[in-house]
Amino acid sequence: MNLTLPNDQDFYWKDGSLWCEDVSLETLARKFGTPLYVYSKHALVSAFNAYQSALADHPHLVCFALKANSNLSIIKLFGELGSGFDIVSGGELQRVKAAGCDTRKVIFSGVGKTVREIREALLADIKCFNIESPAELDRIIAVASELKLRARVSFRVNPDVDAKTHPYISTGLKKNKFGIAYEDAVSLYIKASQAPELEVVGIDCHIGSQITETTPFADACEKLCTLLDQLAEHGINLKHIDFGGGLGIKYGTETPPTAKELMAALRRVLVRRGYGDLEMIFEAGRSLVGNSGALLTEVEFLKSGQLKNFIMVDAAMNDMIRPTLYQAWMQIVPVTPSNDKSAAFYDVVGPVCETGDWLGKDRLLSVRQGDILAMLSAGAYGMTMASNYNSRCLPAEVLVNGEEAHLIRRRQNYEDLYRDEILLTR
Ligand SMILES: *Cc1c(COP(=O)(O)O)cnc(C)c1O
């Protein structure tokens, strides 16, 4: 227990066990079974309020990026706190509706919006489409014209800044598929501003995820301000500037800026460049939910290989793909540590038939069969990336509020696995 816990406010040691708020994780694992996602309501609220208070003196909208964690109860909670939503599909728009939240606070991002998705979003009167290509601009004009509705739009500009994060989650470089080229922005804005079907309201960028410094954000902000200057020369004045998401969290030894520090860095640029009055929008995903969640899993077997020791657990890459997809390091601890077994280095692996099925490598742990392990910082890009690979049932999800633990997604059963399939009978 040398490493500090990533969120020791809401997941902390008490009486020799790890707790979430006022419930022990051991109790939750025994009650709801494993693998189990556990979220702390207090952590979710605190993370959201950190943004809100950092932006309190300025017009702003914090939009929760649904793809990080799209459970209806979590969407609803953020909606009640005043959040907007960043969506990347029609399915996510439907989730916002199903959670009873305001679709007029929705920002629609993504490189491949279909005609159907654009129609649905227009009918839902969303706040803004973040356009990512010239072809998408044409498509939105066509759909708006067909529906006789006006679309509010922004362009996602690629500022070509290095977010210094993993290549798979770095999105603001010239070589990435995202956004329109910086050099094309002015001419596209002029075209959009001349289309009666559109109201050009903003500019946006999203440079990557798990960014642990303020500099890439400030650099992107400078570049967007330069574009705003050029647009103003053409008589185009925008209402908002959207910085995307990407603020990092602590998994291990990272020391990401706080929301307050990030806002201070951005405000400095905006004020100096004369854009201090623009509405500031954020599409925050990981930083709102990441450290609110843990994935609980039970030790099935210990196995000594010829070169390595393995802990076989009942969670796998299909439940949590971040380690193998991004080589992400996430803290793994026994929820009730005991010292009656000597510690050894283990790879923590699941039962899926893939060498890539691992959750942690070379971890010094002291465990026995039947112990419960917690994988921390699992609230973002955990459950939303889970799949049924190997015909494994999706885990359950629980939201803890003080002493209460609410099931917010039941565990799948075997029938769920093939419910949508059609068995040909001849
Ligand atoms: C994924 C994504 C986000 C959220 O990113 P986080 O790193 O989770 O904050 C925001 N905006 C867009 C366009 C995205 O693709």
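Leaving aside neighbours within four places in sequence, which residues is Leu288 in contact with?

## Contacts of Leu288

Leu288 is in contact (heavy atoms within 4.5 Å) with Leu44, Ala47, Phe48, Tyr51, Val62, Phe64 and Phe78, if neighbours within four places in sequence are left aside.

## Basis of the model

This is a predicted model, in which local features need pLDDT of at least 70 and side-chain atom pairs count only at pLDDT 80 or more, while totals for chains, interfaces and linings use all residues. Residues are numbered from 1 along each chain as its sequence is written, and side-chain values use heavy atoms, with hydrogens and water left out.

## Nonpolar cores

A nonpolar core is a set of buried Ala, Val, Leu, Ile, Met, Phe, Trp, Tyr and Cys residues joined through side-chain atoms within 4.5 Å; buried means under 20% relative accessible area (1.4 Å probe, protein chains only). The largest one has 109 residues, and Phe129 and Leu288 have the most contacts inside it. Helix α8 (residues 215-233) gives the most to this core, with 9 residues; a helix is a DSSP run of H or I with at least four residues, numbered from the N terminus.

Domain 1 (11-40 + 291-417) and domain 2 (109-284) both give residues to this core, so the core lies between them. The domain bounds come from an automatic or database domain assignment. A second, separate core has 21 residues, including Ala29, Leu36, Ala374 and Leu376.

## Ligand surroundings

The ligand is surrounded by 14 residues, each with a heavy atom within 4 Å of it. The closest are Lys67, Ser209, Glu283, Arg286 and Tyr381.

An oxygen atom of the ligand is 2.3 Å from an N or O atom in the side chain of Ser209. For the side chain of Tyr381, an N or O atom is 2.5 Å from a ligand oxygen atom.

Terms used:
Buried < 20%, exposed > 50% of the residue type's maximum accessible area, 1.4 Å probe, protein only. Helix = DSSP H or I, 4+ residues; strand = E, 2+ residues; numbered from the N terminus. Polar contact = N/O pair within 3.5 Å; in protein donor to acceptor, adjacent residues only side chain to side chain.
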